[in-house]
Amino acid sequence: MLVEVFNDYEEMSRRAARHVAAAIRQKPDLVLGLATGSTPVGLYRELVRLFRKGELDFSRVTTFNLDEYYGLSASHEQSYHYFMQEHLFRHVNVALERIHIPDGQATDIQAECARYEQLLAEAGWVDLQILGIGGNGHIGFNEPGTDFGASTHLIELAPATIQANARFFKSPEDVPRRAISMGIKTIMRSREIILLASGRDKAEAIRAAIEGPVTNQVPASVLQLHPNVRVMIDQAAAALLSHGGQGQTHAMTV
Ligand code: F6R
């Protein structure tokens, strides 16, 4: 696991975008796994900037998002379909037919989860997966206690996640209680993973994920078992690591 600590959110975002851009240039038909939430917004902004400068071409890239709230339509402003359109898709030349996000309005959930796994399998699984991390250590919407053997499935959001995500809704009551998420097994099939985290609120989750025991109580700790993970975080998120997050931008292998 490579841990790179950057001075701030902007630098983290720029460096992560540079890494994603290099992966696309090296493999123009890259299968890119995407996350939503506040953390990757800067990364997407930077990817859009590179695209506009003519330095990046998404025309052959395939995307798979990690998750979608259950019960929200694609046009709902808090749906992850909407988020991705706003922050990335409508600004770049990614082909509509190569964009994949779980259907939050599927009536047959089992069939939708199976369909999503099937599409991933047909695409040869994810080449490069972007992850954020919840304050409780979740990745995707795989909450503490999650089964490491699970593929795409319906999950119940943890109370802490509902609380954390309430900032995007009018009130906590409006936050959907369930979501469809790639499972840990699905995420772990990715050939490379970038875990992003920014801010002091994420410091404990990052410490537990990187330096704590591998346990399903901290779902992100499973990444310690993956052979190709790059943790890209700012100093605030690195504050509780035993190697420290102080000083200049630096990398360490743990
Ligand atoms: C989003 C996702 C979540 C978020 C996590 C952090 O697709 O899968 O795991 O990455 O909840 O969210 P932010 O970045 O808003 O703190």
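The model is a predicted one, in which local features need pLDDT of at least 70 and side-chain atom pairs count only at pLDDT 80 or more, whereas totals for chains, interfaces and linings use all residues. Residues are numbered from 1 along each chain as its sequence is written, and side-chain values use heavy atoms, with hydrogens and water left out.

**Exercise 1.** Find the buried residues of H4 and explain how they are arranged around the axis.

*Solution.* Begin with the helix itself: H4 runs over residues 109–122, and its 14 residues reach 20 Å from the first C-alpha to the last, close to the 20 Å expected at 1.5 Å a residue. That expected span is 1.5 Å times one less than the number of residues, and helices (H or I, at least four residues) and strands (E, at least two) are DSSP runs, numbered from the N terminus. Next, list the residues: Ile109, Glu112, Cys113, Tyr116, Glu117 and Leu120 are buried in H4. They lie on the same side of H4 because they cover an arc of only 135° around the axis, the arc being that of the directions from the helix axis to the C-beta atoms. An α-helix has 3.6 residues a turn, so residues three or four places apart point the same way. Finally, look for the cover over the buried residues of H4, which includes strands E3 (62–65), E5 (99–100), E7 (153–156) and E8 (178–181), together with helix H6 (184–188).

**Exercise 2.** Describe what is found at the start of H4 and just after H4.

*Solution.* At the start, a side-chain oxygen of aspartate 108 comes to within 3.3 Å of the backbone nitrogen of glutamine 110. Just beyond the helix, glycine 124 has a positive phi of about 85°.

**Exercise 3.** Decide whether histidine 138 is buried or exposed, and identify its contacts.

*Solution.* Histidine 138 sits in the loop between strand E6 (128–131) and E7, and with 10% relative accessibility it counts as buried. Its contacts (heavy atoms within 4.5 Å), leaving aside neighbours within four places in sequence, are with Gly132, Ile133, Glu143, Thr161 and Pro219. The side chains of histidine 138 and glutamate 143 also make a polar contact of 2.9 Å.

**Exercise 4.** Examine methionine 232 and its partners in the chain.

*Solution.* Methionine 232 belongs to strand E10 (residues 229–234) and is buried, with a relative accessible area of 2%. Residues up to four places away in sequence not being counted, methionine 232 touches several others, including Glu4, Phe6, Ile194 and Leu196. Although methionine 232 and tyrosine 9 are 223 residues apart along the chain, their C-alpha atoms are separated by 9.9 Å.

Note on methods. Buried means under 20% relative accessible area, exposed over 50%, partly exposed in between (1.4 Å probe, protein chains only). A polar contact is a pair of N or O atoms within 3.5 Å; within protein, one must be able to donate a hydrogen and the other to accept it, and residues adjacent in sequence count only if both atoms are side-chain atoms.
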